[in-house]
Amino acid sequence: MPPDPAVSELEIEPEDLERRLADGEAIQIVDVREDWEREICALPGADGIPMEQVPSSLERLDRSAPLVLVCHHGMRSLHAANWLRGQGYDLALSLSGGVDAWAARIDPDMARY
């Protein structure tokens with residue numbers, strides 16, 4: 001079955017995020033996992049805002065800049081990115097496969113759980 005285009009418009013692959021960061025693009029990374037999950041592993045420079053706190057933390061997010069949301073496997077962040085798009089954050093994306101895909105494909109030294 002081909003990927004759902006509505007979902008693919010909301011996602012960024014780990015390799016694309018790595019390239020854009022290496023190119024110096026200003027991207028805000030928001031980790032929507034719980035504190036205990038971020039203690040195990042996290043993307044460098046990511047802001048931790050647990051998913052249930054995203055609606056009350058909008059002032060911490062820049063509407064005019066790319067925003068990549070991260071979770072464990074990409075489902076919570078996909079829901080958050082979709083919700084944020086509805087709030088006018090048109091550049092919100094979810095990291096496809098989450099921090100687990102980042103560890104597997106970009107940073108094999110990162111702890112996985």
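Mentor: We shall consider the sheet, one of its strands, a helix and the salt bridges in turn. Please bear in mind throughout that this is a predicted model.

Trainee: Let us begin with the sheet. In what order do the five strands lie, and what is the sense of the pairing?

Mentor: The five strands make an open sheet, and reading across it gives the order β1-β5-β4-β2-β3. The pairing is parallel. At the edges lie β1 (11-12) and β3 (47-48), each of which pairs on one side only.

Trainee: How many bridges join β4 to β5, and how many link β2 and β4?

Mentor: Three bridges join β4 to β5 (residues 92-95), and the two strands run parallel. Between β2 (residues 28-31) and β4 there are four bridges, also in the parallel sense.

Trainee: How should I read the two faces of a strand, and which residues of β4 lie on each side?

Mentor: The general idea is that side chains in a regular strand alternate between the two faces of the sheet. In β4 (residues 67-70), L67 and L69 are on one side, while V68 and V70 are on the other.

Trainee: May we turn to a helix? Which residues of α2 are buried, and why do they count as being on the same side?

Mentor: In general, an α-helix has 3.6 residues a turn, so residues three or four places apart point the same way. In α2 (residues 14-22) the buried residues are P14, L17 and R20. They lie on the same side of α2 because they cover an arc of only 130° around the axis.

Trainee: Against which elements do the buried residues of α2 pack, and what is found just after the helix?

Mentor: They pack against the strands β1, β2, β4 and β5, and against α5 (98-105). Just after α2 comes G24, with a positive phi of about 85°.

Trainee: How are salt bridges to be read, and how many does the structure hold?

Mentor: The structure holds eight salt bridges. One of them joins D31 and R33, with the closest N and O atoms 2.7 Å apart. Salt bridges that share partners also join E13, E15 and R105 into one network.

Trainee: Are D31 and R33 buried or exposed?

Mentor: D31 counts as buried because its relative accessibility is 1%, and R33 is buried at 0%.

Trainee: What is the accessibility of the partners R20 and E25?

Mentor: R20 and E25 form a salt bridge, their closest N and O atoms being 2.6 Å apart. R20 has 19% relative accessibility and so counts as buried, the cut-off being under 20%. E25, with a relative accessible area of 31%, is partly exposed.

Trainee: And what of D23 and R19?

Mentor: Their side chains meet in a salt bridge at 3.9 Å, N to O. D23 counts as exposed at 61% relative accessibility, whereas R19 is partly exposed at 44%.

Definitions and conventions:
Residues numbered from 1 in each chain as written. Predicted model: local features only at pLDDT ≥ 70, side-chain atom pairs only at ≥ 80, totals over all residues. Heavy atoms only, no water. Buried < 20%, exposed > 50% of the residue type's maximum accessible area, 1.4 Å probe, protein only. Pairing = 2+ DSSP bridges. Salt bridge = Lys/Arg side-chain N within 4 Å of Asp/Glu carboxyl O. Arc of directions from axis to C-beta. Contact = heavy atoms within 4.5 Å.
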